[in-house]
Amino acid sequence: MTHDRVGEYLKRADDAGLGSPDESRALGAVYRVSRLAEIFEHLQRTSLGYSSYTLEETEVLIVLLFGEGLNFTPKQLANAVFVSPANMTAKLSRLEREGRVERTLNPDDRRSIVVKLTEQGHKDATEAFKHLTAHSHEVMKPLTEEEIAQFTGLLTKLLMANGDDAGGPKAD
């Protein structure tokens with residue numbers, strides 16, 4: 001293991017009497033998860049170097065791939081990939097221009113639209129998912145299968161406890 005910068009900062013805070021030990025531990029965990037997310041996102045962007053899509057556009061394709069048969073609205077997709085509705089509109093316009101998605105009237109509510117993958121979008125999403133899966137496997141190699149399961153379980157518990165229900169269609 002290399003130098004633990006977070007641990008060093010927390011020790012300095014403790015020495016200065018800033019915060020309780022419980023608060024420092026929580027801050028250390030949150031900061032480490034935040035840094036890890038930044039590092040993973042950078043690695044994902046790097047791993048998608050073969051693609052002309054942004055990470056968010058790739059996530060849109062993957063959400064649609066695994067939600068085939070569901071009626072995703074642009075707002076639901078924006079929530080799923082953590083972008084603003086205006087940003088999602090721009091992403092969908094680009095993906096539609098390139099023939100990866102199509103927007104049609106919602107069969108359940110003709111006042112709204114839904115987004116579906118085209119055949120090419122399906123192929124691109126499948127390829128991107130395979131690429132990200134292989135890359136993620138490499139990133140997680142320092143952990144055993146048991147550690148990955150524990151880590152995943154803890155992260156899922158924290159996400160759910162903090163309101164993360166993005167990723168699936170729900171009533172607006």
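**Arg100 and its surroundings**

Reply: Happy to! The side chain of Arg100 makes a polar contact with the side chain of Asp124, at 2.6 Å. A polar contact is a pair of N or O atoms within 3.5 Å; within protein, one must be able to donate a hydrogen and the other to accept it, and residues adjacent in sequence count only if both atoms are side-chain atoms. This is a predicted model, where local features need pLDDT of at least 70, side-chain atom pairs count only at pLDDT 80 or more, and totals for chains, interfaces and linings use all residues. Residues are numbered from 1 along each chain as its sequence is written, and side-chain values use heavy atoms, with hydrogens and water left out.

Me: Where is Arg100 found?

Reply: Arg100 is in the loop between α5 (85-97) and β1 (101-106). Helices (H or I, at least four residues) and strands (E, at least two) are DSSP runs, numbered from the N terminus.

Me: And is Arg100 buried or exposed?

Reply: Arg100 counts as buried because its relative accessibility is 19%. Buried means under 20% relative accessible area, exposed over 50%, and partly exposed in between (1.4 Å probe, protein chains only).

Me: What is Arg100 in contact with?

Reply: Leaving aside neighbours within four places in sequence, its contacts (heavy atoms within 4.5 Å) include Tyr53, Leu61, Lys116 and Asp124.

Me: New topic: how do β1 and β2 run?

Reply: They run antiparallel, with six bridges joining β1 to β2 (residues 109-117). Two strands pair if DSSP finds at least two bridges between them. A hairpin links β1 to β2 through two residues. Across the pair, Leu105 stands opposite Ile113, and Arg103 has Val115 as its bridge partner.

Me: Which residues touch the most others in the largest nonpolar core?

Reply: Val60, Leu64, Leu77, Met88 and Val101 do, out of 19 residues in that core. α3 (55-66), α4 (74-81), α5 and β2 each give two or more residues, and α3 gives the most, with five. A nonpolar core is a set of buried Ala, Val, Leu, Ile, Met, Phe, Trp, Tyr and Cys residues joined through side-chain atoms within 4.5 Å.

Me: Nice. Which residues of α3 and α4 meet?

Reply: Glu56, Glu59, Val60, Val63 and Leu64 in α3 meet Leu77, Ala80 and Val81 in α4.
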